[in-house]
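Me: I have a model open and would like to learn how to read it. Can we go feature by feature, beginning with the ligand?

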Amino acid sequence: EEEIPEDHPRYQDLLTRHRIEKGVEKGITHLQGMHAEGRGSAFDYLLGEATIPSADDAERVAAAHLLLADHPVLSINGNVAALVPGEMVELAEATGADLEINLFNRTPERIEAIADHLREHGAEDVKGLEADARIPNLDHQRAKVDEDGIYAADVVVVPLEDGDRAEALNEMDKTEIVIDLNPLSRSPQVADVPIVDNIIRAVPNMTEHARVLADEDEDELQSIIETFDRETALEQAEARIRSGEL
Ligand code: ATP
Ligand code: MG
């Protein structure tokens, strides 16, 4: 990361790409994660590479959901682990959530590499290694989750999630928070709280909101949640992209 000058106009994008490349080298990120990153990068460009106001709202609402939850879980895949490992650990700490590794291309080696990587970034307990439960209506490999993790969770954060799995999770009666730069992708389309923002900006901002909201009572958190409209959040992101105003 030292090689990228911080005053470069596209610093964040270059940093993101570099972290994914390192993730692939380390065996954390699948090669397909580079394609996902490329798609994300194009949408981020169209969003002006900034957190738009509707995304900031969604991030605050997501923080309120996590604070109110009985059993919140943050899902980690290969791109998430490469891009924001320490930031996910901090969000988990700020909200009392568990971290669970949840891979589209699941191999024992990648699971181990990601668990080690998260521990290097301060994670104490990492779930997803047991895989002793299944999400209904998904093929066997994609369905694996921890019984006392995502399976039992009442609120889940699934960043950069595959559309099929986002749908299947949603049918399980959980509050689903999706972070995805493409507002037209199925995952944000099915989410209860779609966050259309780069995960690199979204996660630290959610943590900041969680810290500010930590002392609020339940009624206040509930009223923050009730002000949110998922359709409006998706429409505002799409409108920003279509406006061509950077
Ligand atoms: P599908 O419609 O089948 O889901 P897809 O193009 O969404 O196809 P995925 O593999 O699900 O394919 O793509 C990953 C998603 O993650 C894309 O929607 C992309 O915009 C998003 N994405 C990639 N990098 C980031 C990032 N850094 N922050 C937020 N979202 C990202
Ligand atoms: Mg998608």
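Me: Which residues are the closest to ligand 1, and how many surround it?
Reply: A word first: this is a predicted model. In it, 15 residues surround ligand 1. The closest are Arg-39, Asp-180, Ser-185, Asn-198 and Ile-199.

Me: What lies 2.6 Å from an oxygen atom of ligand 1?
Reply: That is a polar side-chain atom of Arg-39. Ser-185 also approaches through its side chain, with an N or O atom 3.0 Å from an oxygen atom of the ligand. Asn-198 faces a nitrogen atom of ligand 1 instead, and a polar atom of the Asn-198 side chain lies 2.9 Å from that nitrogen.

Me: How much of ligand 1 does the protein bury?
Reply: Take the ligand alone and it exposes 610 Å². The protein buries 80% of that area.

Me: Which pocket does ligand 1 take up?
Reply: The largest pocket is the space taken by ligand 1.

Me: Which helix gives the most to the shell around ligand 1?
Reply: Helix H2, residues 32-46, with four residues.

Me: Let us stay on that helix. Is Ser-41 buried or exposed?
Reply: Ser-41 belongs to helix H2. Its relative accessibility is 17%, so Ser-41 counts as buried. The cut-off for buried is under 20%. The Ser-41 side chain also has a partner: a polar contact of 2.9 Å joins it to the side chain of Asp-13.

Me: Now the sheet. How do strands hold together in general?
Reply: They pair through backbone hydrogen bonds, and the pairing is either parallel or antiparallel.

Me: In what order do the six strands run here, and is the pairing parallel or antiparallel?
Reply: The order is E3-E2-E1-E6-E7-E8, in an open sheet with parallel pairing. Strand E3 (126-127) and strand E8 (193-195) are the edges, and each pairs on one side only.

Me: How many bridges join E1 to strand E6?
Reply: Three, and E1 runs parallel to E6, which spans residues 155-159. Pro-72 stands opposite Val-155 in E6. Leu-74 has Val-157 of E6 as its bridge partner.

Me: And how many bridges join E1 to strand E2?
Reply: Four bridges link E1 to E2 (residues 98-101), and this pair is parallel as well. Val-73 stands opposite Asp-98 in E2.

Me: How should I read the two faces of a strand?
Reply: In a regular strand the side chains alternate between the two faces of the sheet. Now apply that to E1. Pro-72, Leu-74 and Ile-76 lie on one side, with Val-73 and Ser-75 on the other. Both faces are covered.

Me: How many residues of strand E1 are buried?
Reply: Five of its five, across residues 72-76.

Me: Let us end with helix H1. Why does Arg-17 count as partly exposed?
Reply: Arg-17 sits in helix H1. Its relative accessibility is 41%, so Arg-17 falls in the partly exposed class. Arg-17 and Ala-82 are 65 residues apart in sequence, yet 9.9 Å apart in space, C-alpha to C-alpha.

Me: What about the segment before helix H1 (11-25); why does Pro-5 count as partly exposed?
Reply: Pro-5 lies in that segment. Pro-5 has 44% relative accessibility and therefore counts as partly exposed. From Pro-5 to Leu-15 is ten residues in sequence and 9.8 Å in space, C-alpha to C-alpha.

Key: Residues are numbered from 1 along each chain as its sequence is written. Chains are lettered from A and ligands numbered from 1 in the order in which they are written. This is a predicted model: local features need pLDDT of at least 70, side-chain atom pairs count only at pLDDT 80 or more; totals for chains, interfaces and linings use all residues. Side-chain values use heavy atoms; hydrogens and water are left out. Buried means under 20% relative accessible area, exposed over 50%, partly exposed in between (1.4 Å probe, protein chains only). Helices (H or I, at least four residues) and strands (E, at least two) are DSSP runs, numbered from the N terminus. Two strands pair if DSSP finds at least two bridges between them. A residue is near a molecule or strand if one of its heavy atoms lies within 4 Å of it. A polar contact is a pair of N or O atoms within 3.5 Å; within protein, one must be able to donate a hydrogen and the other to accept it, and residues adjacent in sequence count only if both atoms are side-chain atoms. Accessible areas come from the Shrake-Rupley method with a 1.4 Å probe; for residues, only the protein chains shown count as cover. On a 1 Å grid over the protein atoms alone, a cavity is a set of points where a 1.4 Å probe fits but cannot get out, and a pocket is an open set with protein on both sides within 12 Å along at least five of seven lines; lining residues have an atom within 4 Å of a point. A molecule sits in a cavity or pocket if more than half of its atoms lie within 2 Å of its grid points.
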